[in-house]
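Subject: Structure for your review

Dear colleague,

Please find the structure below, followed by a summary of what was found in it. I would be grateful if you could read the notes alongside the model.

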Amino acid sequence: MESIMTLTEAIKAHGSVASIQLNHVGAVNHPDTIKDHQNPIGPSAFMRDDGIQVDEMTVEMMERVANNWAEAAWNCKALGFDMVNIHGGHGWLLSQFISPHLNRQQDEYGGSMVNRARFPIMVCQKIKALCGDDFLIEYRMSGSERTTGGCHRLRKWIFFCRCMRRRCHHS
């Protein structure tokens with residue numbers, strides 16, 4: 001940990017903001033890299049082309065994962081980082097929730113963009129609640145899924161950004 005603190009101090013000594021990216025791969029994970037060889041998780045259950053079963057996340061799982069993101073961000077702050085970059089693009093977990101192709105939930109976390117945005121918003125809200133308004137969050141996203149049935153329209157992404165800003169911006 002001391003080497004990371006040395007790094008963040010060096011970044012700040014040169015007038016820069018120390019930032020680090022946090023990510024969760026979700027459904028593209030492999031059981032060999034998961035504790036107890038559990039199935040990967042995502043917004044909806046499905047069998048991948050490679051024969052790996054993806055388990056649908058329950059609300060309790062979403063809460064636990066969002067809390068894990070917040071704790072990771074808190075640890076980054078404690079190590080001297082000024083902000084985190086939350087990777088919500090390129091098919092990783094948060095973008096899987098935004099995707100109408102991958103998110104087929106029929107509850108408050110699926111269907112409309114407002115509903116599909118709930119989990120990414122939950123993650124950012126928990127980070128803000130734990131780390132405070134002085135800790136910056138940058139949210140990385142893809143402009144298009146480039147997948148059949150995916151989210152391609154710029155206006156949908158703009159709407160998502162507005163939802164995120166309304167629900168996560170405190171100052």
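Helices (H or I, at least four residues) and strands (E, at least two) are DSSP runs, numbered from the N terminus. Residues are numbered from 1 along each chain as its sequence is written. The model is predicted, so that local features need pLDDT of at least 70 and side-chain atom pairs count only at pLDDT 80 or more, while totals for chains, interfaces and linings use all residues; side-chain values use heavy atoms, with hydrogens and water left out.

Arginine 162 belongs to helix H6, which covers residues 154-168. Its relative accessibility is 53%, and arginine 162 therefore counts as exposed (over 50% relative accessible area; buried is under 20% and partly exposed lies in between, with a 1.4 Å probe and protein chains only). Between the C-alpha atoms of arginine 162 and phenylalanine 119 there are 15 Å, although 43 residues separate the two along the chain.

At the other end of the numbering, helix H1 (residues 2-13) has twelve residues. From its first C-alpha to its last, H1 reaches 16 Å, close to the expected 16 Å; the expected span is 1.5 Å times one less than the number of residues. Glycine 15, with a positive phi near 80°, follows H1.

The two sheets

Strands of a sheet pair through backbone hydrogen bonds, either parallel or antiparallel. Here two strands are taken to pair if DSSP finds at least two bridges between them.

Four bridges link E1 and E5 in the parallel sense, and leucine 22 has isoleucine 86 in E5 as its bridge partner.

Another open sheet of three strands has the order E2-E4-E3 and mixed pairing. Its edge strands are E2 (41-42) and E3 (46-47), each of which pairs on one side only. E2 pairs with strand E4 (residues 53-56) in the parallel sense over two bridges, and glutamate 56 in E4 is the bridge partner of glycine 42. E3 and E4 run antiparallel and are joined by two bridges; phenylalanine 46 is partnered by valine 54 in E4. These two strands, E3 and E4, form a hairpin with five residues between them, and glycine 51 in the turn has a positive phi of about 85°.

Aromatic pairs and the core

Rings of Phe, Tyr and Trp (its six-membered ring) pair if their centres lie within 6.5 Å; planes under 30 degrees apart count as stacked, over 60 as edge-to-face and the rest as tilted. The structure holds two such aromatic pairs. The ring centres of phenylalanine 97 and phenylalanine 119 are 4.6 Å apart and the planes lie at 40°, so this pair is tilted. Phenylalanine 97 is in helix H3 (residues 93-98) and phenylalanine 119 in helix H5 (residues 118-131), so the pair ties together parts 22 residues apart in sequence. Both phenylalanine 97 and phenylalanine 119 are buried. For tyrosine 139 and phenylalanine 160, the ring centres are 5.5 Å apart and the planes at 55°, so this pair is tilted. Tyrosine 139 and phenylalanine 160 are both buried.

Most residues other than glycine have a negative phi. Aspartate 36 has a positive phi of about 60° and is found in the loop between E1 and E2. Histidine 90 has a positive phi of about 55° and sits in the loop between E5 and H3.

Yours sincerely
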